[in-house]
Amino acid sequence: MNQFQYVRPSKPKAAIDARAKDQNSQFIAGGTNLLDLMKRGVMNPERLIDISRLPLDKLERENNTFRIGSMALNATVADDKQVLEKLPLLAQALNAGASAQLRNMATIGGNMLQRTRCPYFYDTALPCNKREPGSGCGALEGYNRMHAIFGFSDKCIAVHPSDMSVALVALDATVLVSGPKGDRRIPFGELHRLPGDMPQKDTTLEPGELITAVEVPEGPFTKNVHYLKVRERASYAFALVSVAAALQLENNIIKDARLAMGGVAHKPWRLTEAEKSLVGKPATEATFQAAAAIAMQGAKAFKHNAYKLKLGPNAIVQALKNATNVA
Amino acid sequence: MNEQPLFKDGVVGDRMNRVDGRLKVTGAAQYSAEYQLPGLVHGFLVGSTIAKGRIKSIDTKAAERAPGVLAVITHVNSIKVPGFANRSQPDEPPTAGQPLRVFHDEKILFNDQPIAIVVADTLERARYAAGLVKTQYEADQHATNFNAHMDRAKVPAQAKKNPKSPQADHDRGQVDGYKTAPVKLEMEYVIPTEMHNPMELQSIIAHWEAPDKLTVYDKVQAVKGTQRAFAKDWGIPEQNVKVIATFVGGAFGNGLHNWPHETAAIIAAKTVNRPVKLVLTREQMFTMVGYRPYTWQRIGIGATPDGKLVGITHEATGQTSTYEDFTESTVQQTRMMYQSPNISTRYRILPLDISTPIWMRGPGEATGAFALESAMDELAHALNLDPMEFRLRNYTDTDPDNGKPWSTKYLKECYQMGAERIGWKNRQMQPGTNKQGDWLVGYGMGVGTFGANRGSAKAGARMLANGTVVLQSATTDIGPGTGTVMVQLAADALGMPPEKVRFELGNSLFPDAPSQGGSATVNTVGSAVVAACAALKEKLYQLAGSTFSAAKPADIVIKGTQLSLANNASAKVAYADLIKQNNGQEVAVVTESKPGNERQKYSMYSFSVHFVEVHVHQLTGEVRVKKMVACADAGTIVNHKTAGNQMLGGAVGGIGMALTEGAMIDDRFGRYVTKDLADYHVPVHADAPAIEVAFVDKPDLIVDPMGTKGIGEIAIIGAAPAIANAVFNATGKRIRELPITPDKLI
């Protein structure tokens with residue numbers, strides 16, 4: 001771990017200024033990811049700007065929209081009565097992430113900005129284009145059991161690790177950002193990017209931009225939802241594959257559908273074509289299987305993650321079954 | 001042989017709370033890294049980033065200039081450890097070869113080998129400066145891929161020397177006799193490298209109290225073995241090395257070897273002439289302090305159509321380092337578990353460019369049981385027999401390996417207790433036919449056995465003026481509750497309440513005891529404690545002279561500071577008077593206790609059976625252990641609470657072995673890529689179901705006077721195959737390479 005300075009501005013504006021002024025600075029909130037990365041020498045910020053006490057932790061609801069402050073804790077949001085009632089998919093996804101101790105520390109903004117868990121990214125003795133552009137992708141020909149089947153490049157095949165993000169992309173959330181050039185709104189699906197030739201860049205955030213909140217519209221998805229996370233132990237493990245499924249049903253006919261996957265790409269992976277295929281169909285296993293097949297179009301596996309080509313569609317079918325109680 | 005157990009109507013057998021429980025839960029218990037010494041400074045290790053080759057140059061200038069840094073020690077400037085010149089086999093464990101000589105030369109033998117230690121006034125500064133050390137290597141082609149180098153597997157040195165060793169080639173009856181059986185199967189099984197990760201990290205404080213006097217606070221399972229090893233290293237008398245391990249936060253075998261980081265800290269302390277604390281990071285726990293070796297096994301097994309075994313051939317090859325021969329008894333149980341006219345066993349080790357493995361709970365037997373007990377299940381299925389019935393048809397009342405009678409064997413009782421508790425009758429013979437919603441339900445069982453070993457140990461007993469008896473022995477308590485059960489044994493042996501008895505351990509100045517391993521501590525040290533208590537009474541008896549002369553020493557009753565006789569309360573004496581009689585000294589004894597010749601006459605083993613019910617999701621392949629029953633024939637149970645805890649911990653370890661644990665190495669770099677507890681999965685609470693423990697609790701008075709046989713290893717041996725067998729029963733899929741992760745089942 002390198003030596004660093006620590007500042008704790010009291011206003012968002014001051015935090016943004018401090019960050020914009022210093023390229024080698026980082027925001028820190030819960031620190032559940034950044035501190036690990038610093039201890040392993042993966043990230044070496046010279047200045048930490050503590051934003052955890054900025055007044056950005058409110059959870060508000062107006063005009064059928066939830067506005068969740070970026071400094072709200074994962075645990076607080078997951079346990080919120082209104083969230084449980086109106087956004088149960090988000091609550092399920094949050095509770096599927098990490099462990100109770102981590103959810104008590106981790107913030108909503110920090111959760112969506114988690115770095116990948118790719119082991120090559122974490123070990124400074126191994127090549128990784130995300131950590132050290134140009135050094136090569138260790139996972140491409142290496143241990144790639146946890147890696148992407150969609151949207152990867154020959155520079156990076158890592159996956160985005162957050163569960164919450166999978167639910168937020170499915171729910172059409174919007175990220176609220178303040179930066180040196182003012183405020184802007186980013187549709188959640190555009191926050192994270194695919195690796196392409198610049199895997200070092202996880203998101204579309206500009207230097208100095210601070211996520212202040214995320215807005216989630218209250219949709220019709222209050223009942224037939226399920227977040228399914230397939231992992232190697234019952235808790236505290238990253239997803240092999242996860243699925244956020246939300247349906248609006250009328251007389252067992254699907255009126256509207258949302259579907260997204262985690263653990264399969266460099267960003268939470270929305271399955272728009274599969275969603276379209278569900279609409280207007282009866283909620284049956286056959287319908288779900290057809291959607292799962294569409295969802296997997298274009299998927300490609302590497303040496304150790306071919307199982308995802310089968311586990312992916314299976315998980316989609318199971319998530320939809322769980323969401324609709326189809327036996 | 002005594003028919004009656006030594007203890008009746010006492011506290012042995014009680015669910016007594018741990019004597020150190022309060023210290024542990026309040027944080028008052030001091031672990032090796034927690035001692036506050038004046039002038040203490042901190043070390044941080046730098047590891048190599050290649051697996052094999054030489055250090056061409058190592059630039060420490062920036063690190064040396066960093067704030068707070070006192071020293072940066074490498075092979076270039078390290079003081080020479082006198083014992084390195086002719087260092088050969090360490091005292092414990094008895095592996096052939098030469099332990100890594102840290103900072104001795106430029107050679108790299110495994111990835112993340114310690115190549116420098118940075119000493120600074122704070123941990124953070126040491127860690128920061130460690131990142132500034134720049135190393136150039138001359139790399140050689142390394143070999144870390146087990147399968148690619150199988151042809152280099154060799155017979156271990158000790159097997160060559162001793163054809164009777166459990167690692168030597170062995171044949172009973174016809175070689176590969178299973179091949180003559182009407183029904184026969186051949187299978188290969190693989191267990192991956194499993195990493196030691198006790199909650200407490202490996203840690204040491206090294207303190208040279210004088211140029212020839214060393215004290216270490218060290219996470220070890222052998223304070224005396226460590227004392228001998230360091231005395232030899234530094235060419236100083238044994239009594240000049242003090243090893244303290246009063247509390248150990250779990251070890252599981254991790255502390256049965258002295259590792260390079262320990263010597264690194266001792267070198268550093270000598271260099272800066274201050275106490276040096278070194279705590280490994282969690283990542284370093286994966287690379288330099290031992291692990292359960294990756295092991296390939298092949299079983300050939302055959303039986304008659306009515307389920308009588310004809311033969312078993314069991315081959316195993318385990319990985320080791322290039323500089324030490326690590327061996328374990330992977331194939332031993334195949335020789336004695338079942339009645340079979342033909343048995344062949346072969347054991348090999350495969351040296352690779354990795355660090356040395358070490359015993360991990362249940363050690364080789366747990367690895368071997370995965371193959372043997374899976375194979376028994378496979379053959380039962382092929383014979384269309386219930387797997388428990390198949391085992392019963394091949395049950396043996398004498399040890400088929402040597403013809404000796406068992407000292408005791410209550411394995412049938414374990415089968416019965418376990419089958420009842422798990423609901424074995426609900427098991428479907430046809431796999432894949434028991435469904436609950438989206439989940440497939442399966443039942444499985446696995447047997448475990450481990451030698452009921454007893455060694456020699458000494459214990460001291462001293463009666464204080466206030467009537468308290470203090471016992472001491474240089475054993476450790478790595479978590480099983482050793483301190484607690486010794487108090488129970490001593491309390492009953494003395495006829496005193498446990499509150500009046502204290503047991504002290506974890507200090508090399510105490511009377512000699514062996515390492516805490518191989519499930520032998522209660523058998524060995526317990527025997528010494530009981531003997532010391534008897535010797536103390538004998539000495540009190542003699543000092544009392546004519547007062548007690550009509551009775552025997554065992555009849556002495558100690559109440560507070562008064563001594564009297566069990567059958568004659570009027571014969572009494574004040575302890576103060578005996579102290580006067582003893583030249584003003586508190587009465588104290590040191591006794592040694594050794595096994596007799598029972599091993600020549602009997603075969604002595606503990607036995608266990610694990611029964612499990614698993615649910616496997618049809619679409620996602622997730623396995624949930626729903627219920628587990630762990631039954632054990634472990635002789636007298638001294639404390640049902642702590643013994644039960646051991647069984648629970650072993651069962652959870654078995655879940656890890658079966659379902660979640662496996663370290664992955666990237667062979668291109670010869671470097672592990674699963675190096676933290678997020679990537680290397682040990683079971684979490686949510687993975688552990690209701691686990692029921694049942695003990696036969698019948699004494700084995702041949703093994704030792706208390707009738708104990710040992711629990712630590714059998715708590716895990718057989719658990720992993722029980723789960724694998726249950727997964728087969730649920731799904732019809734036989735997974736022969738652990739861990740059984742969802743990808744293997746979909």
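In chain B, strand β2 (residues 53–59) pairs with β7(B) in the antiparallel sense over 6 bridges; strands are DSSP runs of E of at least two residues, helices are runs of H or I of at least four, both numbered from the N terminus, and two strands pair if DSSP finds at least two bridges between them. The model is predicted, with local features requiring pLDDT of at least 70 and side-chain atom pairs counting only at pLDDT 80 or more, while totals for chains, interfaces and linings use all residues. Residues are numbered from 1 along each chain as its sequence is written, chains are lettered from A and ligands numbered from 1 in the order in which they are written, and side-chain values use heavy atoms, without hydrogens and water.

B:D59 has B:K134 of β7(B) as its bridge partner. The open sheet consists of 3 strands in the order β5-β2-β7 (chain B), with antiparallel pairing. Its edge strands, β5 (107–108) and β7 (134–139) of chain B, each pair on one side only.

At the interface, 37 residues of chain A contact 36 residues of chain B (heavy atoms within 4.5 Å). About 3100 Å² is buried between chain A and chain B, 58% of it on carbon and sulfur atoms; buried area is the accessible area (1.4 Å probe) lost by two parts on being put together, summed over both. A:R40, A:E232 and A:R233 supply 19% of the area that chain A buries against chain B, more than any other three residues.

Across this interface the rule finds 7 salt bridges (a side-chain nitrogen of Lys or Arg within 4 Å of a carboxyl oxygen of Asp or Glu). One salt bridge joins the side chains of A:D123 and B:R671 (2.6 Å, N to O).
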